[in-house]
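Have a look at the picture first, then read on.

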Amino acid sequence: MTVIKQDDLIQSVADALQFISYYHPVDFIQAMHEAYLREESPAARDSMAQILINSRMCATGHRPICQDTGIVTVFVRVGMDVRWDGATMGLDDMINEGVRRAYNLPENVLRASILADPAARARTPRTTPRP
């Protein structure tokens with residue numbers, strides 16, 4: 001039986017969102033570098049160089065490359081033999097709490113970009129589906 005603590009799941013979600021906010025996948029960096037080496041247009045090479053420089057800066061400074069960090073989509077697989085240790089919330093609420101913590105981390109506050117009502121352009125106080 002697998003035992004998962006509520007706080008561990010929440011912190012894992014928060015940590016994952018922080019991580020992906022400032023580290024780009026290695027295959028992306030390698031492909032961008034290879035494209036840079038092959039590119040003949042000086043303007044395009046300059047643009048790719050700036051993307052690579054910005055990517056390095058966000059990784060070393062632990063800051064997102066762009067303020068608009070997008071919409072969080074979480075895919076979860078839970079097996080049959082999982083026990084939630086100390087859980088006082090449902091799975092959705094635990095995930096939403098991890099998202100909330102990631103977006104409110106004082107060292108790297110992420111910009112919530114979800115709208116409660118797109119027609120009214122009213123933002124939610126956090127970037128989870130419920131206000």
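A helix here is a DSSP run of type H or I with at least four residues, and helices are numbered from the N terminus. Keep in mind that this is a predicted model.

**Helices α1 and α4**
- The axes of α1 and helix α4 (residues 91-103) come within 8 Å and cross at roughly 45°, so the two helices are oblique to each other.
- Their crossing is right-handed.
- On the α1 side, the contact is made by Q6, L9, I10, Q11, V13, A14, L17 and Q18.
- On the α4 side, L91, M94, I95, E97, G98, V99, R101, A102 and Y103 take part.
- Sorted by class, the residues of this contact are 11 nonpolar, four polar and two charged.

**A closer look at Q18**
- Is Q18 buried or exposed? Q18 counts as buried, because its relative accessibility is 7% and the cut-off for buried is under 20%.
- Leaving aside residues up to four places away in sequence, Q18 touches A102, L105, N108 and L110.

**Helices α2 and α3**
- Helix α2 (residues 26-38) packs against helix α3 (residues 42-61) at an angle of about 155°, and their axes are 9 Å apart.
- That angle makes α2 roughly antiparallel to α3.
- α2 passes α3 in a left-handed crossing.
- From α2, the contact involves F28, I29, M32, H33, A35, Y36 and L37, while α3 contributes R45, M48, A49, I51, L52 and S55.
- This contact has 10 nonpolar, two polar and one charged residues.

How values were computed:
Residues numbered from 1 in each chain as written. Predicted model: local features only at pLDDT ≥ 70, side-chain atom pairs only at ≥ 80, totals over all residues. Heavy atoms only, no water. Axes fitted to C-alpha atoms, helices over the stretch in contact; angles between N-to-C directions. Parallel < 35°, antiparallel > 145°, perpendicular 65-115°, else oblique. Left-handed = near helix turned anticlockwise from the far one by under 90°. Contact = heavy atoms within 4.5 Å. Nonpolar A, V, L, I, M, F, W, Y, C, P; charged D, E, K, R; others polar. Buried < 20%, exposed > 50% of the residue type's maximum accessible area, 1.4 Å probe, protein only.
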